[in-house]
Amino acid sequence: MSKTISGFSKLSKNKKIDWIVSTYFPDSNEAKNIIKQYWSSDEKLQKLHDEFIENTITNYYLPFGVAPNFLINGHPYTIPMAIEESSVVAAASKAAKFWLERGGFKAEVISTKKIGQVHIIYRGSSEALFSFFEELKPKILDETKPLTKNMEKRGGGILSVKLIDKTSELENYYQIHAEFDTRDAMGANFINSCLESFANTLRREAKTFKQFEDETIYPKVVMSILSNYVPECLVRAEVSCNIDLLQEGDISGQEFCERFVQAIKIAEVEPYRAVTHNKGIMNGIDAVVLATGNDFRAIEAGVHAYASKSGQYRSLTHAIVDNNIFKFWIEVPLALGTIGGLTSLHPLVKLSLEMLHRPNAEELMEIVAVAGLAQNFAAIKSLVTTGIQKGHMKMHLMNILNQFGANEEEKSILIPKFQDIHVSHSAVSEALNKMRE
Ligand code: MEV
């Protein structure tokens, strides 16, 4: 049977499933049920999901959890998180409670600029192109007025537009580089629409600019698109306390801080460690970004580029001890929105934003940065004391029990049993087999 098809998107949802099942699972009685068991019984909700993307055949669920007890700039928050990794929400909650008792998190937005570019190839004299741009600039700003009017009312809009000569990096390459403030919107559509309007004005005006003698040297627009690199859409979150408040069992506060700061310094200089270190931060960041209906791919791309801004990939968090005060902070670029996109469409996203007291974009940046910092604190605290596996495998125990088909009675006996012993696949399997004998 052919594994390709034309006109697939035009089929009904049931017909699409029939094709998938007959093509890829011809011998399975299960495939169709697996796909359909995730459909919502609420037809309106299902239709909403069906229409988010093309060719929806079912829903892909992620657990939606909450981490309570976050104190951020003096305000309490319960943070919604959508994530499948067993230990992430538990770690966030633990870190939140830990810092609740030590003054909480402080966060501040440093800047909110976003960037978009029109990429141009031009083979004529550079002076002519710059003179053209001087004439063009008021026109492109004027012609985007219908697009920028509402954004300007909200205090945002186009902040600057300039032409940049990039020919030393790539032959004949120039760009219109524009800065935007998109207020509470993530702003991708706004920025891309403005850029496409710039490009259209440029194409039209090039035809009548005297110094471009003929068509062969008209500047050619290659593409117009926002950048997900947003080093000037930056937020900082921090915790601090006296080192004595960081005693961990028989590890003194001072010893704990030394180990902690050392671990951070390693992630600042060693890329192999930095990537894992930052991955742990993204466990917290992505989970909140997803729960609040933001674009986690954009956030990931921008954050990792920022982590490499010195030319080497480094830790996003930093720590020092100064005068017996432990200080731990993150600086991270986060282009987030609390209006537009999924924010008024997806019922769980709306619920998440309401749980967070309907934050504006800057407040959401602060909350998300705090989630990343908390996650990193929990990970480093475990790594430099008990090791990560103890807590991680405890949380993973339920997954292992489910994998071995443990029933409720077996779980109720084995979960307490594994509180004090090392959790591993083989140990759980052995204990289950013993019980079943
Ligand atoms: C696991 O998802 C994340 C950690 O590896 C992060 C870290 O090593 O810092 C625990």
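How far is an oxygen atom of the ligand from an N or O atom in the side chain of Glu85? The distance is 2.6 Å.

## Basis of the model

This is a predicted model, in which local features need pLDDT of at least 70 and side-chain atom pairs count only at pLDDT 80 or more, while totals for chains, interfaces and linings use all residues. Residues are numbered from 1 along each chain as its sequence is written, and side-chain values use heavy atoms, with hydrogens and water left out.

## Ligand surroundings

For the side chain of Lys279, an N or O atom is 2.6 Å from an oxygen atom of the ligand; for that of Asn283, the corresponding value is 2.9 Å.

## Helices H8 and H12

Helix H8 (residues 253–269) and helix H12 (residues 361–383) have axes that come within 10 Å and cross at roughly 115°. Helices are DSSP runs (H or I, at least four residues) numbered from the N terminus, and axes are lines fitted to C-alpha atoms over the stretch in contact, with angles from 0 to 180 degrees between N-to-C directions. H8 and H12 are therefore roughly perpendicular to each other (65 to 115 degrees).

Phe256, Phe260, Ala263 and Ile264 in H8 meet Asn376, Phe377, Ile380 and Lys381 in H12, where contact means heavy atoms within 4.5 Å. By class, this contact of H8 with H12 comprises six nonpolar residues, one polar and one charged; Ala, Val, Leu, Ile, Met, Phe, Trp, Tyr, Cys and Pro count as nonpolar, Asp, Glu, Lys and Arg as charged, and the others, Gly among them, as polar.

Technical notes:
Helix = DSSP H or I, 4+ residues; strand = E, 2+ residues; numbered from the N terminus. Parallel < 35°, antiparallel > 145°, perpendicular 65-115°, else oblique. Polar contact = N/O pair within 3.5 Å; in protein donor to acceptor, adjacent residues only side chain to side chain.
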